[in-house]
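This report is meant for a reader meeting this structure for the first time.

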Amino acid sequence: MSEPHHRPWRNPAFSTTSKLEVLRDDESIASASSLRSLSPVNEEPPSRAQTDLFATDVRVRGWHRVGTLMRGWIVYVIYITTRSGTVIKISKRYSAFLSLHERLEQERGGYAHALPPLPPRHVGLWQRYHPLFLEDRRRALQQWLCATLLDERWGNADAYQRWVLER
């Protein structure tokens, strides 16, 4: 059984699948009043939160070590799919995630209690480069990104857009 974080996240508001129904000749067509109710003019506009979300999918695809064992760090490779379909590839250290977490708490103080925690920062010197540890952290960071970037409470925050654009 595959784990939930391996399934691509799909936002129902951006679904591209549609159902095609074919009417037989003897079936009646819907009344004019029911067709008027389906008109785009009568639809409610999308909520502000849906229109402000700039991402539809986010994946932490991997990680790599920079520097030496004693003076190095790990960089996580992130792919963000925007609402327009553009894929942005960025690389971030764990400290960048901590910084983003703090900025989101400051910018969206009313939701701070609901902001998911990041995986623990401190680990042993030798464990921090172990592939099993790094893979667990990669998964946890991906879950955190999905829970925040694709959520209307945080996904439209200025802090997120600055985080994506900064080096």
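In helix H3, the residues Tyr94, Phe97, Leu100, His101 and Leu104 meet Arg137, Leu141, Trp144 and Leu145 of helix H4. Sorted by class, the residues of this contact between H3 and H4 divide into seven nonpolar, one polar and one charged. These contacts, like everything described here, belong to a predicted model.

Two packed helices are described by the angle between their axes and the distance between the axes. For H3 and H4, the axes come within 12 Å and cross at roughly 25°, and because angles under 35 degrees count as roughly parallel, H3 is roughly parallel to H4. The crossing of H3 and H4 is left-handed.

H3 also packs against helix H5, where Ala96, Phe97, Leu100, Arg103, Leu104 and Glu107 of H3 meet Asp158, Ala159, Tyr160, Arg162 and Trp163 of H5. The contact of H3 with H5 has seven nonpolar, no polar and four charged residues. Here the axes come within 9 Å and cross at roughly 160°, and since angles over 145 degrees count as roughly antiparallel, H3 and H5 are roughly antiparallel to each other. The crossing of H3 and H5 is right-handed.

The table sets out the axis values for the two pairs.

| Helix pair | Axes come within | Crossing angle |
|---|---|---|
| H3 and H4 | 12 Å | roughly 25° |
| H3 and H5 | 9 Å | roughly 160° |

Which residues touch the most other members of the largest nonpolar core? In this core of 30 residues, they are Ile78, Ile80, Leu104, Leu145, Tyr160 and Trp163. At least two residues of the core come from each of strand E1 (55-66), strand E2 (73-82), helix H3 (94-107), helix H4 (131-149) and helix H5 (158-165), and H4 gives the most, with six residues. Leu104, which takes part in the contact of H3 with H4 and in that of H3 with H5, touches Leu115, Trp144, Trp154, Ala157, Ala159 and Tyr160, when residues up to four places away in sequence are not counted.

Turning to the protein as a whole, there are five helices and three strands, and from the N terminus on the elements run α-α-β-β-β-α-α-α. Of the 167 residues in the protein, 32% are buried. Among contacts between residues at least 6 apart in sequence, 62% join residues at least 24 apart.

Methods
Residues numbered from 1 in each chain as written. Predicted model: local features only at pLDDT ≥ 70, side-chain atom pairs only at ≥ 80, totals over all residues. Heavy atoms only, no water. Core = buried A, V, L, I, M, F, W, Y, C linked by side-chain atoms within 4.5 Å. Buried < 20%, exposed > 50% of the residue type's maximum accessible area, 1.4 Å probe, protein only. Helix = DSSP H or I, 4+ residues; strand = E, 2+ residues; numbered from the N terminus. Contact = heavy atoms within 4.5 Å. Axes fitted to C-alpha atoms, helices over the stretch in contact; angles between N-to-C directions. Parallel < 35°, antiparallel > 145°, perpendicular 65-115°, else oblique. Left-handed = near helix turned anticlockwise from the far one by under 90°. Nonpolar A, V, L, I, M, F, W, Y, C, P; charged D, E, K, R; others polar.
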